[in-house]
Amino acid sequence: MTIKAFKAFKKKYVHCTVPGFAVFAIALVVLVRSLAARNAHEVVLSLAVLLLWAALLLAGKWAVRRLAVLEPLWNIPAPLRAAIAPDAADWLVTPPPGINVPVFFRLHFLVRGRFFPQGARQSCAVFAETSAPKRSRRTANATTDDDASTRLSIAFPLGGLFRGETSCRLRDIFGFFSFPCGCEQEQTLSVSSAASRAIPLRIDALSGAEDRRNKNANDEERYYMREYAPGDRFRDINWKSSGRINTLITRISPDNQEKITQIEVHFRNYGGCSPGIAELWLLDRAKARLAWFLRKAREEKDSYVFCIRSAGQSWELHDDEEIAAFLQELAAIPFCPPDSGEAAPTETSGGGEIYVFSTACDTALPAFLAAHQHRPVSLFLAENVDRGRARDTAARAANKVNPDVETLCLRSFFSGGFFPRPRWLVRRRERWQVNVSASRMMIDYAEITL
């Protein structure tokens, strides 16, 4: 019998828990010995335990038949973001109305699966559980849907990808039996990194600026038409003409053509093939800084178009919806081995400043910066706190370093319902270091503590 078949058999037919098996075995042994010794008190006590055990088994099986189609409503926060346990957003579970649970039984809602920090191959187990109070009591005092819901707290310590399932079980208050209810729902969720702290930001995009002079209705005849191009304003689309030829047509003034400002961003997710939790934490901080940069630049000017390049991938983001979709995809992007040909300069539509986001694990970063030394570069670097302290004095004098340290506590894994790999708990001696310089350099310090 395979492991998968054994789990299916156990799920369908074996509903007794380990404590339930232990109580049944002990009560049966006591009953046999008491009958042999003719001890009436032990006979009565062991029979009472066995009768209670059998009654709970029958009551649970009878209730599960009615709850076979139970489908609770899971309200999972979106977007899902990493946070420390007290600040984590609760998952709300709302059972359907009209559910009657037998006496001495409670509905339990479970989340279990695997969490892949920063999309890495190594994962850790996730298990969280909560129980719902009696339906009658909850309905009597419930005034809203939130009052009728059960809260389940799961605190992701850092960003990544969660793959698992949500399920419901019927359990007795003594812990003897656990019956599955309804269908399990598979979940694949992207977890964004926790927000990075704000720092001063100056954007020098030299590929053009938008002229927003107002035009009156009489100037409409001065416009000419051309096919829609990415970056054009939606209000300039001529919908009547577009409908006739089934192609988007844009109105453009010959004396005032709107220029699109493009920002070239390089997200360098280069690192080792088997990163530890310290390296994954650096990648998490680099992603958080990139997300902060995109939102901050978007607030400054909504016409920016972001041309983002990473290891083997590229994106062109025009609006808030595309940025939100990119950030969801960014959460599961792992480390990639360095590419020898990646440092070569790339042709862009404009010659503005390059914005580079990287970590101290990027051993090819010096070569990349040297290949682009003819252009101004803003470097956002996440590195180990030990490396930062070594040059802290000089960097502070140059106003290049953020002196604050962002810390990941390993105990937050356990408090959030995660079971980290044993090798993550071992403090590694080696520290990634990279000696680089850029036109502007902003460093985020990161460290791991128990």
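User: Which residue stands opposite W91 in β6?

Analyst: L152 of β6 stands opposite W91. This is a predicted model, in which local features need pLDDT of at least 70 and side-chain atom pairs count only at pLDDT 80 or more, while totals for chains, interfaces and linings use all residues. Residues are numbered from 1 along each chain as its sequence is written, and side-chain values use heavy atoms, with hydrogens and water left out.

User: What joins strand β3 to β6?

Analyst: Four bridges join β3 (residues 90–94) to β6, and the two run antiparallel. A strand is itself a DSSP run of E of at least two residues, a helix a run of H or I of at least four, both numbered from the N terminus.

User: Why are β1 and β6 called edge strands?

Analyst: The open sheet has three strands in the order β1-β3-β6, with antiparallel pairing. Both β1 (73–75) and β6 (150–153) pair on one side only. The twist averages 25° from one strand to the next, with axes fitted as lines to C-alpha atoms and angles running from 0 to 180 degrees between N-to-C directions.

User: Why does H266 count as buried?

Analyst: Buried means under 20% relative accessible area, exposed over 50%, and partly exposed in between (1.4 Å probe, protein chains only). H266 is at 4%, and therefore counts as buried. The residue belongs to strand β11 (residues 262–267).

User: What joins the side chains of H266 and E264?

Analyst: A polar contact of 2.7 Å joins them. The term requires N or O atoms within 3.5 Å; within protein, one must be able to donate a hydrogen and the other to accept it, and residues adjacent in sequence count only if both atoms are side-chain atoms. The distance of 2.7 Å therefore falls within the limit.

User: How do you know what span to expect of α3?

Analyst: The expected span is 1.5 Å times one less than the number of residues. Helix α3 (residues 40–66) has 27 residues and reaches 39 Å from its first C-alpha to its last, close to the 39 Å expected. At the N-terminal end N39 caps α3, a side-chain oxygen lying 3.2 Å from the backbone nitrogen of H41.

User: How many residues of β7 are buried?

Analyst: The count is 10 of 13, and β7 is mostly covered. In β7 and β4, which pair in the antiparallel sense over 13 bridges, G164 of β7 stands opposite G113.

Notes: Pairing = 2+ DSSP bridges.
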